[in-house]
Every structure is written in structure tokens, then in C-alpha cells.
Amino acid sequence: MARVLRATEAQLEAALRSLRAGELVAFPTETVYGLGADAGNPAAVRRIFAVKGRPAHHPVIVHLCGIAQLRDWAREVPQGALRLAQRFWPGPLTLVLPRAGNVSEAVTGGQDSVALRVPSHPMAQQLLAAFQGGIAAPSANRYGRLSPTRAEHVREELGAAVSVVLDGGECQIGLESTIVAFQGGRARLLRPGAIPAAQIRRIVAQLQVGADETSPRVPGSTSAHYAPATPLIIVPAGQIESRAEALSAGGRRVAVLARRAPLAAHPSVTWIDAGRRARQYGHDLYDNLRTLDKSGCRRILVQDVPDAPAWAAIADRLRRAAAGAGREDAAEADAT
Ligand code: TXA
Ligand code: MG
């Protein structure tokens, strides 16, 4: 069993001891919980991949205590990147930059770039300040699954594999950081997150959006990712009731994540009204999907979200969570 820690001095010491021994420490950030290892210890970083079941060539983010450490990890810091770091760090922004010579391949997945971020969660700051080195950390979930936003999520999913879980309560944002890569003089938004593209553009006007064939790999930007185990389908608001009814034929349970209350109660439908405010919806998203995933339902129907900047990161995660469910759904429709 993982120990549950609050960051008292003694608990912080235990986390530091684990990191220095090459073990894994889960810790809270303002976005989601991270599964951390000493970024300067390739064997420790490889342990992250083993625990997550993540393919070895996928790079991980190195978390730093402050902007002063940037040049220990990046050999080049373009003006735009520096200005973004000054504006948004500590905070939910990850910068992908040309890597410094000492950064191991375990961290970069063999690429010439490294992803760097300074998180703002006080407990993450406390840990990083005390550790002094970089902490490599992907989200603390199994590969492809929902990111954890509470310490319980980490314990449920990764349990004994993590020597220490620092419990910093619920993550304030609940969605992963915005990722901006700088390559060949260009800035590119690789993953939408809490910081909208418009705010990045105020500082880097030439921001391009989405990966191209020369972009560094971002596994969360391909195929099914951020997904519950239960197949998830996105449906327009007006079709939720009819789809839920059709799927619940024979008394089978169906889950709904909506932005409104149901028109009428239905005994086979587990309904969460996640509200109309993007910030709150995003904060609750993974926790709500976990709840629905555990509810024994055969499908999760998600009401589509507005096509608006405040909803961009949420829409992105829902699309990826739904990827892969389509084929299964069609097969089942044929069979029933
Ligand atoms: O909010 C977050 O970013 C959280 C917290 C824990 O910091 N971390 C997180 O890590 O979401 P992860 O590994 O689940 O997602 C990070 C993404 C991955 O898609 C990875 O491929 C990408 O960042 N990434 C890491 N290094 C990269 C690099 N050198 N080039 C391009 N993408 C990179
Ligand atoms: Mg992840």
C-alpha cells in the first residue's frame, strides 16, 4: 500500500528519500497528479513507463522549481518561450524546447527536445524546491486512461507501485497543461489546456495549432486517450434521452454526463449534470467520468460541449476519450 502523505517536514523527507533512491512519488499539481521520478536518473524514469504501461519512446515532462532552472534542461530558449515562461510560470503551461546535452533519452523518448513545466501547486513547489533537481512526471494514471485529480484516484489505480503519494487534495484545474513546442523558430500548440490559445497568441503571435508531421510526438494527441474503460459516445443535447432509452433496452444501465438536468427521471440512467460553466466542468470532468465508469453502465453518453475557446481543452479530451468507442458501438448495435 502506498503511504498517504501530507507535506509536513517528515512527509516531504520521505518523498525526497524515495526520489533519491530512484523510486516513484506521486504528487499533486494544479492540473492533475503527476507520477514523479528523478529526471536525472534514467533507471528511475524507466520505472515510470513500467508502472504506467506506457510505450518507452513517449517523452515525459520535466517539472522544475522555477524559471532559473530552464537553462539546465534546454540548450536554447527562444525569446517567445522565455516570455511565455515569464508570463505563465508557475502555472499550467508546458514548453517543448531543444534539449540540453545532459537530458537522458529516457526523458525525451530519444527526441532532440524536452518538455518543461513549473507547476504552481504549493505542494509541488515545496517538493521541487527541496529536491532541487528536475522531476520527470507524466500524469499518474495507466497509459491511455483518465488523469487523476485526487490522491485517491492515484491510490486506486497505481496502488503499491508508488512508494509515496503526496495528498494535496483536489487539483484546482483538473485538465492537463497547455503544451507549446518551439522548433525551428516556430511555436506550435501541441495540446490545448487551461491556458487558451488566444492568451498564448498575445505573447507569441505566430502560434500554429495542432501537430504536423515534423512535430514532436504527443501520445495524448493521437488515437484513444484520456479514456474511461466504458465506451464513451458524444451526442447532441436533443438526442440524449432517446439514445439513453435505446441503449438501456432490457434494463441495462446507461450513464450520462450532461450540461443540464434530465427532462424526466429514468430508472436505468445514471445522470450527472456537470453544469454550464467551462471552468467547473473541466475541474470535475475526470472525477465525473471515473464515477460514471464505476457505475456499472454499458455506455457513457456525453452531451456535446460548445465550440468556444473556454471549452477547447474539454472538447479535445472528450474527443480523445470517445476515440475507439465508435467501432465497438457499431458492432453492438448490429448484435442487438
Ligand atoms: O498537466 C500536465 O501536463 C501533467 C502534470 C502532471 O504536469 N502532466 C501530463 O503529462 O499531462 P503526460 O505525460 O500525461 O502528458 C504530457 C505530454 C505527453 O503527451 C507527451 O508526449 C508530451 O507531453 N511530451 C513530453 N515531452 C515531449 C517532447 N519532448 N516533445 C513533445 N511532446 C512531449
Ligand atoms: Mg497523461
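Entry 1: I looked up R75 and found it partly exposed, with a relative accessible area of 47%; by the cut-offs I used, buried is under 20% relative accessible area, exposed is over 50%, and partly exposed is in between (1.4 Å probe, protein chains only). D112 is partly exposed too, at 44%. R75 and D112 form a salt bridge, with the closest N and O atoms 2.7 Å apart; I count a salt bridge when a side-chain nitrogen of Lys or Arg is within 4 Å of a carboxyl oxygen of Asp or Glu. D112 sits in the loop between α5 (105–108) and β6, and R75 in the loop between α3 (70–73) and α4 (79–88), so the pair ties together parts 37 residues apart in sequence. Helices (H or I, at least four residues) and strands (E, at least two) are DSSP runs, numbered from the N terminus.

**Entry 2: ground rules.** I am reading a predicted model, where local features need pLDDT of at least 70 and side-chain atom pairs pLDDT 80 or more, while totals for chains, interfaces and linings use all residues. Residues are numbered from 1 along each chain as its sequence is written, chains are lettered from A and ligands numbered from 1 in the order written, and side-chain values use heavy atoms, without hydrogens and water.

**Entry 3: E30 and R117.** The structure holds 11 salt bridges. In one of them, the side chains of E30 and R117 meet at 2.9 Å, N to O. E30 is in the loop between β2 (25–27) and β3 (34–38) and R117 in strand β6 (residues 113–117), so this pair links parts 87 residues apart in sequence. Are E30 and R117 buried or exposed? Both are buried.

**Entry 4: between the domains.** The protein is divided into domain 1 (9–209) and domain 2 (232–324), with bounds from an automatic or database domain assignment. I found 4 salt bridges between domain 1 and domain 2. R317 and E176 meet in a salt bridge at 2.7 Å, N to O. R317 lies in helix α11 (residues 312–322) and E176 in the loop between β8 (164–166) and β9 (178–183), so the pair ties together parts 141 residues apart in sequence. R317 and E176 are buried. Salt bridges with shared partners join E176, D316, R317 and R320 into one network.
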